[in-house]
Amino acid sequence: MTTTDTGTNQGAAARPVVEIAGVDKVFDASGGRTKALEGIDLRIQAGEFVSLIGPSGCGKSTLLRLIGDLTAPTTGTVAINGKPARQARLDRDYGIVFQAPVLFDWRTVQANVALPLEVKGLSRAERDERVRSMLDLVELSGFARHYPYQLSGGMQQRVSIARALALEPSILLMDEPFGALDEMTRERLNSEVQRIWQQTGTTIVFVTHSIPEAVFLSSRVVVMSPRPGRIVRVIDIDLPRPRTDDTRETPRYFELITEVREALRGRRGDGDGAGAGIASAERTMAEGAVG
Amino acid sequence: MTAATAGFTPRERGSMLTRIGRQVRGQAPAIAVFFTVLIGWEAFVAMANLQQFILPRPSAIATALADDWTILSTAAGNTLYEALGGLAIGVTAGVLTAFAVSRWARLRDAVLPIAIGASAVPIIAAAPIMSNWFGILNPFAKMAIVILLTYFPMLISVSRGLTQVDPATLELMEASAASEWQVLRKVRIPNALPYFFTALKVCTTLSLIGAVVAEYFGGSTEVLGRVIVQSSSRLRFDITWAAIAIAAISGIVMYLVALVVERLVIPWHASQRSREP
């Protein structure tokens, strides 16, 4: 759980922003009980950029939703800034970005960004000022009065990032935010997320199924196993910042990509040993259920 | 970034008048067809030498409209009073009930299946019963039919609009620690507006059908329904047609008013976006 100076915005001395201890998550569906997460322990320090990566259905999104108190753990505890996750949600400690931009069709770009500010009850003047600086941050100032349908997918996702950051949350939760975008847009937005992260100093927890994306962005990559999701390995990414398009062509970048890939594969290798029969039988039974 | 700054400009708005002007020009083909049909109709009746009680010429209908204007306009006023009064009450009641059933799931499960069933019933058949309850000369007997006709579609549509909200939107509000009231005001109501207007347009038409047909079953004579029944029994089909024309124009005007309000209130909705050339 160490952090490196290449990996964090702030000193490693700060208390953890996220503390997950002994978390299991079981879904009760009509088709039976599905164990989505098992024995999760994870601490994330302030200013870290942590990616959760794993095969689909490994529970990485569920883990993110546990941090955001959008679902509750079956056993174990989730603490955010030293508080229960529920209290952190009510205190608006985090901002969230989903895979879809989830913008309101009836609101302009600026009104969409202002939404959490309105919900919190900020004055008109405060809202306008925050919205302006957020749109500057995501470089969409010229589009304040546009409606979402007038923007491209990448621009819509940047609006949703601006909205998530509007209340200056201590954590930004991102659930496969660029999964629906083309590769070129994704790479450009990755650079932009890095810049925003460095500029704001916020802690980011980022769910992805793209290895290059995870390596490029993260200070640590948390590799998860297929259902039930367990943390297989945590890999420190020591690439210097700011990472650029050139970083994507360095040998170290490829080494780290290989390391993450092997960690992802490793779990399946373990599965050939003792007890694998039961594990894979469980997995087969759970197939098709919530992930 | 650079790619982002290229491209879109906000949708051209223009003044209300230029927009209406553009709208009228857009409808030119429909207007042309309308007048062509009228002229063809006039010519056909003359050439086929049809009796006026089979099919009066448009010009004869126009004459009847002018000659009997006092009776027709009074009748139209009374019928519109029933239709609009019933529409207002039915729509208001439907919307209020929709808010209640969307708030309490158990109420929804109890009420909505019945509402869907009720909206499939030919409610107009209950007109004699309403006359019996409220008095045959009481305009409320006709209004009650209009209320029943418009209430259920409005209730069903608006409760769908209030409840069929993108789950991710609700999660977003939850993540912002929004209150139930804020979710209602900022998510559910805007989401329900397109549903409301779709139902409103249907209800304007239903309200006029309900009022006119309910009048067929008796009551005050100074209403469009009675004018239609009585003029046709005297074989004065020119007056019948004139009354139908007034009912038609009223219906179209009511529909257009609903359409214009819809455009003003939900310009952001997909159905309202100007199509690209």
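Which residue of strand 5 of chain A stands opposite Ala79(A)? In the predicted model described here, that residue is Pro84(A). Local features were taken only where pLDDT is at least 70 and side-chain atom pairs only at pLDDT 80 or more, whereas totals for chains, interfaces and linings use all residues of this predicted model. Residues are numbered from 1 along each chain as its sequence is written, and chains are lettered from A, with ligands numbered from 1, in the order in which they are written.

The model scores ipTM 0.81 and pTM 0.81. For chain B, the pLDDT (the predictor's confidence in each residue, from 0 to 100) averages 88, and 92% of the residues score at least 70. Over residues 1-11 of chain B, however, the pLDDT is below 50, and this stretch has 11 contacts in the model beyond near neighbours in sequence, a contact being a pair of residues whose C-beta atoms, placed from the backbone, lie within 7 Å. Where pLDDT is low, the predicted coordinates should not be read in detail.

Chain A contains 9 helices and 10 strands, assigned as DSSP runs (H or I over at least four residues for helices, E over at least two for strands) and numbered from the N terminus. Strand 4 (residues 75-80) of chain A is joined by 5 bridges to strand 1 (residues 16-29) of chain A in an antiparallel arrangement, with Val18(A) opposite Ile80(A); strands are taken as paired if DSSP finds at least two bridges between them. Strand 4 of chain A also runs antiparallel to strand 5 (residues 83-84) of chain A, through 2 bridges, and these two strands form a hairpin with 2 residues between them, in whose turn Asn81(A) has a positive phi of about 50°.

An open sheet of 6 strands in chain A has the order 6-7-8-3-9-10 and mixed pairing. Its edges are strand 6 (94-97) and strand 10 (231-236) of chain A, each of which pairs on one side only. Neighbouring strands of this sheet are turned by 15° against each other on average, direction ignored; axes are lines fitted to C-alpha atoms, for helices over the stretch in contact, and angles run from 0 to 180 degrees between N-to-C directions. Strand 10 of chain A is antiparallel to strand 9 (residues 220-224) of chain A, to which 5 bridges join it, and Asp236(A) is the bridge partner of Arg220(A). Helix 5 (residues 153-165) of chain A lies across strand 6 and strand 7 (171-175) of chain A, at about 165° to strand 6 of chain A.

Of the 291 residues in chain A, 47% are buried, that is, have 20 or more other C-beta atoms within 10 Å of their own, with C-beta atoms placed from the backbone. Beyond its neighbours within four places in sequence, Val260(A) is in contact with residues including Ile53(A), Ile211(A), Val223(A) and Ile235(A).

The contact between the chains takes 25 residues from chain A and 22 residues from chain B. On the side of chain A that touches chain B, helix 3 of chain A gives the most, with 3 residues.

How values were computed:
Buried ≥ 20, exposed ≤ 12 C-beta atoms within 10 Å, placed from the backbone. Contact = placed C-beta atoms within 7 Å.
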